[in-house]
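Reader: I'd like to learn how to read the packing in a model like this one. Could we go through it together?

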Amino acid sequence: MINITVNGEQYTLDVSPEMPALWVLRDVLQLTGTKYGCGMGVCGSCSILVEGKAVRSCVTPISNFNNKEIISIEGIYKVNKTVQKAWEELNVPQCGFCQPGQVISAVALLQEKPSPSNEDIDKGMSGNICRCGTYLRIRKAIHLAASKMNESENDDAL
Ligand code: FES
Ligand code: FES
């Protein structure tokens with residue numbers, strides 16, 4: 001049995017410990033926001049957030065997350081609303097396929113670097129491939145989210 005928490009809900013699952021976390025999310029839990037792209041850990045479309053880090057769920061067995069908390073795109077608003085709002089405001093997605101993974105990676109990046117430079121963004125997001133080429137809008141949206149998050153932190157400090 002595997003015990004996991006996904007987006008705040010606890011599950012005990014009778015699945016093979018070797019099953020990639022992506023299949024558990026998509027096929028067992030019907031959380032299809034996390035996308036299957038390359039299946040080889042190179043495109044980033046299957047990224048999920050685990051302990052603040054973006055992780056490739058297509059190449060990670062579910063047993064790695066036993067007794068851990070996973071956040072998928074369906075629950076990312078519970079961790080960070082600002083990134084998704086910036087994505088909407090700047091109309092980042094084109095076809096949208098890569099964007100769940102992009103948002104997860106952006107949240108992880110901003111947790112590590114609250115005021116990232118262009119270079120930080122390019123480096124932090126380099127594992128997420130977008131076939132539609134939305135990279136410049138992604139970069140702008142991360143800057144927008146960073147400034148809004150920093151503003152609200154300053155407001156809280158007043
Ligand atoms: S589907 Fe997992 S990295 Fe491409
Ligand atoms: S928006 Fe189409 S692949 Fe990124």
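Author: Gladly! Leaving aside neighbours within four places in sequence, V83 is in contact (heavy atoms within 4.5 Å) with V103, A106, V107, L110 and A145. A word on the source: this is a predicted model, where local features need pLDDT of at least 70, side-chain atom pairs count only at pLDDT 80 or more, and totals for chains, interfaces and linings use all residues. Residues are numbered from 1 along each chain as its sequence is written, chains are lettered from A and ligands numbered from 1 in the order in which they are written, and side-chain values use heavy atoms, with hydrogens and water left out.

Reader: Which residues have the most contacts inside the largest nonpolar core?

Author: In soluble globular proteins, nonpolar side chains tend to be buried together. A nonpolar core here is a set of buried Ala, Val, Leu, Ile, Met, Phe, Trp, Tyr and Cys residues joined through side-chain atoms within 4.5 Å; buried means under 20% relative accessible area (1.4 Å probe, protein chains only). The largest one has 23 residues, and L49, I76, V83, W87, V103, M125 and I142 have the most contacts inside it. Helix α3 gives the most to this core, with seven residues. A second, separate core of 16 residues includes V6, A21, V50 and F65.

Reader: And which residues are buried in helix α1?

Author: Helices are DSSP runs (H or I, at least four residues), and strands likewise (E, at least two), numbered from the N terminus. In α1, residues 21-28, the buried ones are A21, L22, V24 and L25. They pack against β1 (2-6), β2 (9-13) and β3 (47-50).

Definitions and conventions: Buried means under 20% relative accessible area, exposed over 50%, partly exposed in between (1.4 Å probe, protein chains only).
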